[in-house]
Amino acid sequence: MKYRLEIGLILFLALFFISINDPFVYIGNIQKASPDLRTPAQYECIASSVPETAQILVFSRSDGTFDWSTYNFLFTRSQYFLVPRVMNYTEISSTGMFGKYKWFLAIRMDAQALDPIIRQSGLQVVKSCDTITVLKSAE
Amino acid sequence: MASMLSILIPLLIGLFISVAIIVREGRWGEWLLAIFLAPGIGIAISSVLYFFWVIVFQPFYLLPGYLALEAGLTIILAAVVWAKFRRTILPPPMAFWKGWLAARPWSFRTWIGIAGAFVLLVSLANFVEDWTLAFFAAPDGNWDAWGIWNLHARFIHSGELWRNGFSAEMTWWSHPDYPLLLPGFIARVWALIASSSQYVPALVELCFILCILGIIVASVGLLRDWKLAIFAGLFTLAILYDSLNMQQYADMPLAFFILATNLLLWLVDSRKNQPQLLFLAGVMAGAAIWTKNEGWALLLAIVSVESVIILVEKPKFRDLINGWVWFGAGIAPLVITTLVFKLCVAPPNDIVDSLSAQDVLAKISDLSRYALIWQSIADQFFKIGLLKVGLLPVLIGFVLVVGWNKIPRSTAWIGLRLIVIALVYFGIYVLSPHRLEWHLSTSLDRLFDQIIPTLILMVFLFVNSLEDIS
């Protein structure tokens, strides 16, 4: 066929254009981004007696569902930190990672909602923050 | 001022080195290639310098002295480049466009190329927009970013107790044994700007992503033709979209260094009598090792393929030694840095540490593991990339439509290196101490992303130029 190459190249271009600039993918990205943008953004945790270095789990609850925000980071006495994302509880537990924490610190954002999940997951609260102050929230 | 210098100095260090080695005839493609290789070189060197500075002085001490050290290195490199290029080698500003416009009347394929350039530019703008959205959705990156890479950067940045982040008490999934190119550089910038800004790791990642695209487009444009370069860019962009699901991970930097190493080794074959390219290839391979443990697979691939080349091409002994000395001079500082980190700072690797002879035998003889790995690879083959029908099948379709005449040996060596890397990855899955389904589901797509940019480069180095086909 005389124009085999030209037709092939045009089809490739169409495929790239539709795939990369797909308006539905674009809308999906915004929808995917929006809930996370609405999650509480920044907290301050002041704890008086925690290990000098600890790995931290931050649990929070959003929209009445048991979604968790987790954040693992360096903890030195008093520090600002971020809760950037929401993770599904089953997604985390399926990796079997919770039992591996040497130190963790559960920060109770909503004690009533959180406690059953902690018991269910077999977590042991080693320390909890003395005070929690929400510094900034996108909501 | 310090903020600007913290970014500018590594870029200049990388630029002076890459310009001194890559630019020979002063063509636009050479300059573009040097520019896109530069950030990776500069980030690797700065990261190494800062790591040793932290080891000796601890963070936050004598930072002006550290800045002076980098500035001094920049001035020395500037002098070297100045000495080499006393006469200007900048290309005439309009040379590219004049040559391009003189080619009129344009063929139908030229118009397809122009349409392709339009699609590439629109898609690139779309990608940057999506990347921005993804960044604001997860400013600290995805799981591995805050669980591993940025966590390590925070420890380095934290002060005197920074080594606690690399102790055996850290959980295995924070991987305290992972090397420090990325965390080291991020911590370095944080220290110099006196702020642990979320923008730093995000922009470093974006820089690597755009440079991968730039290297492929510039090198295919330089070594083949600009129409092929546009299609190479489109394929690359389709795979770079995967990085939106793994923001601020070290996989894209590793992909950058694997790509750059293979490209430079290819250039060594095409440009005779320029052993400095081997030095730069060594730096890139060393940077891969300093980025992720998978970098060792690249080194193994290089050594294996060089052994095959010795058997096939039978080079002179003197040339062989000369080449290895240049390569060794480039890779040695980064390998030594990685070994210092592994031996003096980090705990043992979780996979290596958990292996016993009995366990290894049991896993090697378990055929169900091989079946599961193959099945996952087959799934990824049809899934990887943003394209609606899978990027790899489309790439194969492109090769079949465009065709090829002869695959040069130097291009085949790239393919062989990728095969060795893939075999190493396969072996790691076989021996993995973790639940295999979980290990595959959380990492296989990233391993594909590490090597596919190099695969795209390889393909576009051997397919027919669009003007060659009648």
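Which residues does B:Asn262 touch, not counting residues up to four places away in sequence? The first view gives the answer.

This is a predicted model, in which local features need pLDDT of at least 70, side-chain atom pairs count only at pLDDT 80 or more, and totals for chains, interfaces and linings use all residues. Residues are numbered from 1 along each chain as its sequence is written, chains are lettered from A and ligands numbered from 1 in the order in which they are written, and side-chain values use heavy atoms, leaving out hydrogens and water.

**View 1. Surroundings of B:Asn262.** B:Asn262 sits in helix α10 of chain B. Helices are DSSP runs (H or I, at least four residues), numbered from the N terminus. B:Asn262 touches B:Leu298, B:Ile414, B:Arg417 and B:Thr454, not counting residues up to four places away in sequence. Contact means heavy atoms within 4.5 Å. B:Asn262 is buried, at 0% relative accessible area. Buried means under 20% relative accessible area, exposed over 50%, and partly exposed in between (1.4 Å probe, protein chains only).

**View 2. An aromatic pair between A:Phe12 and B:Phe398.** Over all chains, the count comes to 26 aromatic pairs. The pair of A:Phe12 and B:Phe398 is edge-to-face, with 5.2 Å centre to centre and 65 degrees between the planes. A:Phe12 lies in helix α1 of chain A and B:Phe398 in helix α17 (residues 391-402) of chain B, so the pair joins two chains. Rings of Phe, Tyr and Trp (its six-membered ring) pair if their centres lie within 6.5 Å; planes under 30 degrees apart are stacked, over 60 edge-to-face, and the rest tilted. A:Phe12 is buried at 9% relative accessibility. B:Phe398 is buried too, at 0%.

**View 3. A nonpolar patch on the surface.** A:Tyr3, A:Ile7, A:Ile10, A:Leu11, B:Phe108 and B:Trp111 form the patch, with about 620 Å² of accessible area together (Shrake-Rupley method, 1.4 Å probe). Patch residues have over 30% relative accessible area and no salt bridge; nonpolar side chains are joined within 5 Å. A salt bridge is a side-chain nitrogen of Lys or Arg within 4 Å of a carboxyl oxygen of Asp or Glu. α1(A) gives the most, with three residues. B:Phe108, in helix α5 of chain B, is partly exposed at 43% relative accessible area.

How values were computed. Patches are made of residues with over 30% relative accessible area and no salt bridge: like charges are joined within 9 Å, nonpolar side chains (Val, Leu, Ile, Met, Phe, Trp, Tyr) within 5 Å.
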